[in-house]
Amino acid sequence: MLTERGIVNAEKMLGVDDLFDMHHNYAHHLTQALRAKEIYKLNTDYVIVPNEEGKPEVTIVDEFTGRMMQGRRWSDGLHQAIEAKERVPIQEETMTFASITYQNLFRLYPKLSGMTGTAMTEAPEFAKIYNLDVVSIPTNKESRRVDHPDVIYKNERMKYISVVEEIVDLHQSGRPVLVGTVSIERSELIDEMLSKPGPMNEFLLWKVKRLEEIMKRRGLEGDRTAALSKILERPGQIDAEKFEEVVKKLEGELSKEEEFLDRLFSTLRTAKVVSAIRKGIPHSVLNAKLHEKEAMIVAQAGRKGAVTIATNMAGRGTDILLGGNAEYLAKEKLAKDYSPEDLHSDPEKAAEYEARLKDLTKEMKQLTDKEHEEVTKLGGLHIIGTERHEARRIDNQLRGRAGRQGDPGSTRFFLSLEDQLMRIFGGQAISRLMDLIKADEDMPIESGMVTNSIEGAQKKVEAHHFDMRKHVLQYDDVLSTQREVIYRERRRILEKADLREGMLDMLKEHLDLVLEAHLDPDSPPDLFEETGLPQALQALSLDIPMMHDVKVEELKGLSYEDMREKLWDAVELAYKVREEHVGLEEMREFERQVLLHNIDSKWVDYLHNIDLLREGIQLRAYAQKDPLQEYKREAFNMFNQLLRSIQAESIQQIFRAQPQPEPMEIFDISQITPEMLDPSQLPEGVSAEEFLNILQMEVLRQQGLTPEMLEEMIESGNIEIVAEGEEALNRAIQDGTEAVAEAHQAQESEADLEAPLEAVLEPALEMHSDTAAGKES
């Protein structure tokens with residue numbers, strides 16, 4: 001993405017000598033910023049919606065389904081770059097804790113099967129990746145759907161104008177229409193064009209101008225043309241009905257003027273559309289921003305005259321009933337009388353609702369059945385596609401929403417030479433051809449040959465994407481084996497109570513690795529006693545402090561095996577001493593926590609590093625090396641280093657780190673109120689308020705506060721009493737009892753104070769315990 005000139009300019013702007021300096025990583029951040037600015041588009045790849053706290057956040061939109069992917073974030077700083085671009089609060093960068101391709105995820109299942117209406121186009125991929133055959137099941141009823149050839153325009157503007165004209169024509173005839181768009185932005189564009197007459201009015205002005213040019217060029221005169229000119233004087237206020245009357249009369253008089261009549265009828269059609277939009281075209285919009293009412297909108301998309309504008313998400317796999325869905329109509333009517341909260345909390349209202357819903361559904365069924373017959377006679381649901389997707393199955397899914405269960409239906413795709421697929425595969429050549437023949441902007445290309453060539457382009461894109469997925473899978477297969485090793489070890493640590501044998505094996509392997517790094521087993525002892533042996537002992541003592549006690553002199557003259565045995569005895573002794581120092585049960589839990597922590601943290605780092613390796617490994621092809629084989633070799637070495645570092649750090653931490661005791665329970669005495677004390681257990685003559693004040697004073701005194709400080713805090717009303725640990729609370733209770741006894745010594749006998757203070761506080765302590773347990777859970 002960065003050219004040489006761009007690199008130089010970036011270094012000047014940032015004031016750095018090297019953009020690719022690993023200490024600052026400017027090149028990575030700049031690349032992500034460019035991707036965020038130029039490639040990722042608002043309302044296409046992502047939307048901005050409020051989160052649970054009401055703050056705006058960037059949410060990813062699924063390219064294939066059009067649904068928002070809540071909780072998903074792009075990695076490597078890309079999401080943060082988009083947040084900066086859109087000026088929304090920038091959140092912390094996410095880290096990958098686990099990754100797996102869909103293919104390897106599905107391979108984990110012992111049996112695989114599926115059912116979909118669009119699998120035939122992907123049959124080769126199912127066979128190669130999953131070894132699954134795709135079998136076509138005949139439809140329940142013969143399909144009556146008519147798939148019209150694609151209509152292609154020179155630019156996007158004319159495409160969407162033509163889409164709006166077709167929507168209005170079909171709506172006025174009573175046929176339901178479902179419009180499929182590739183993005184939220186496009187669905188909102190059509191929504192605006194159907195809601196406001198401005199865009200279509202501009203197009204009408206352009207058509208009127210062209211019509212007047214033809215009339216002038218052809219020298220058309222007469223009463224009818226004069227009446228036409230008068231109507232066209234104010235294009236913004238054309239009366240469609242009067243216009244139609246004049247057009248019909250001119251059709252009979254000027255039957256030989258084909259060009260003029262074609263333009264005249266085209267202008268009349270646009271005038272009718274503008275007039276209809278001014279009166280209002282009821283329509284529903286369904287996209288990732290407005291997904292809450294999806295079920296209701298899709299259920300009524302087959303009603304007479306219904307217009308539904310949707311992204312790819314609308315009604316995937318659902319049966320859009322012609323005439324509408326009786327049950328949803330009934331639910332919509334009852335929604336005004338019953339709130340969801342009432343239905344959940346009030347069983348009587350819920351029963352009443354179900355009874356009314358059943359009766360109303362029967363009533364609505366008569367209405368929908370009547371509409372079903374009317375819509376069927378008109379030709380059923382009409383599907384309009386506004387762009388071809390890269391995958392044929394997505395287009396087939398859109399087409400498949402019409403003509404279900406033997407119902408009639410039709411589909412048509414409106415394309416432009418500016419669409420992404422057309423730009424990639426020959427759209428510019430067709431555009432130059434249209435310029436050469438001086439074709440008007442509103443002249444469509446409608447040919448089965450063009451439709452077939454587009455499908456051919458889609459097949460090429462599908463093949464390219466299949467190669468990419470296969471390529472990703474080949475690389476992930478390497479990671480899959482390593483993933484199994486890590487997860488198996490992690491599961492063993494979680495499930496096994498006693499890890500002692502495993503730790504001893506780890507220590508033995510660690511000893512062998514250290515010795516092999518510094519000593520040659522096949523060499524005589526006198527060759528490695530001077531240099532290799534001291535270095536090996538130093539390396540061992542760094543990990544296991546007690547190995548400092550082993551001297552080089554004790555190992556001189558011993559063979560490699562004898563020396564290894566003696567060192568192992570020292571390591572085993574160090575482990576036993578550590579075990580006795582920490583405690584057997586505590587040692588097992590300590591080992592588990594250390595191992596889990598190191599596996600998790602180092603696996604996260606490994607996933608990041610393996611991603612970097614995968615991104616750069618293709619450069620090995622310049623050295624005439626197979627990138628996949630190089631990746632396997634590098635990944636194997638990196639994984640061995642990962643296992644070694646997990647082992648080494650775990651051993652260091654087990655012998656050097658100190659297990660921390662569990663934090664003491666905190667009793668917040670300020671939360672105890674006089675009402676929480678048991679009055680029957682209080683000493684005679686002492687009220688609950690007096691007793692609680694004395695107890696709080698004792699706790700404050702134990703925290704090192706002087707009487708003067710206490711008086712000052714009491715006067716200011718700023719007292720917060722917290723006793724740390726059960727021992728401190730018991731001490732405060734004892735001191736509080738003594739204080740009560742001293743305060744009432746003149747009036748009370750010692751026997752009266754035998755009731756323990758715990759009895760007084762028992763209800764309060766129970767409430768405190770329950771509250772603490774609730775917070776902990």
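pLDDT is the predictor's confidence in each residue, from 0 to 100. For this protein chain the mean is 80, and 83% of residues reach 70 or more. The model is predicted: local features need pLDDT of at least 70, side-chain atom pairs count only at 80 or more, and totals for chains, interfaces and linings use all residues. Residues are numbered from 1 along each chain as its sequence is written, and side-chain values use heavy atoms, without hydrogens and water.

Helices (H or I, at least four residues) and strands (E, at least two) are DSSP runs, numbered from the N terminus. Over residues 771-777, pLDDT stays under 50, with zero contacts beyond four places in sequence. Contact means heavy atoms within 4.5 Å.

Now look at a helix pair. The axes of H6 (residues 156-173) and H11 (residues 258-279) come within 10 Å and cross at roughly 70°. Axes are lines fitted to C-alpha atoms, for helices over the stretch in contact, and angles run from 0 to 180 degrees between N-to-C directions. H6 and H11 are therefore roughly perpendicular (angles of 65 to 115 degrees). Their contact includes Val-164 and Asp-169 of H6 and Lys-272 and Ile-277 of H11.

A second pair is H20 (residues 500-518) and H25 (residues 627-656). Their axes come within 10 Å and cross at roughly 110°. H20 and H25 are therefore also roughly perpendicular to each other. Among the contact residues are Met-503 and Leu-513 of H20, and Ile-651 and Phe-655 of H25.

Definitions and conventions:
Parallel < 35°, antiparallel > 145°, perpendicular 65-115°, else oblique.
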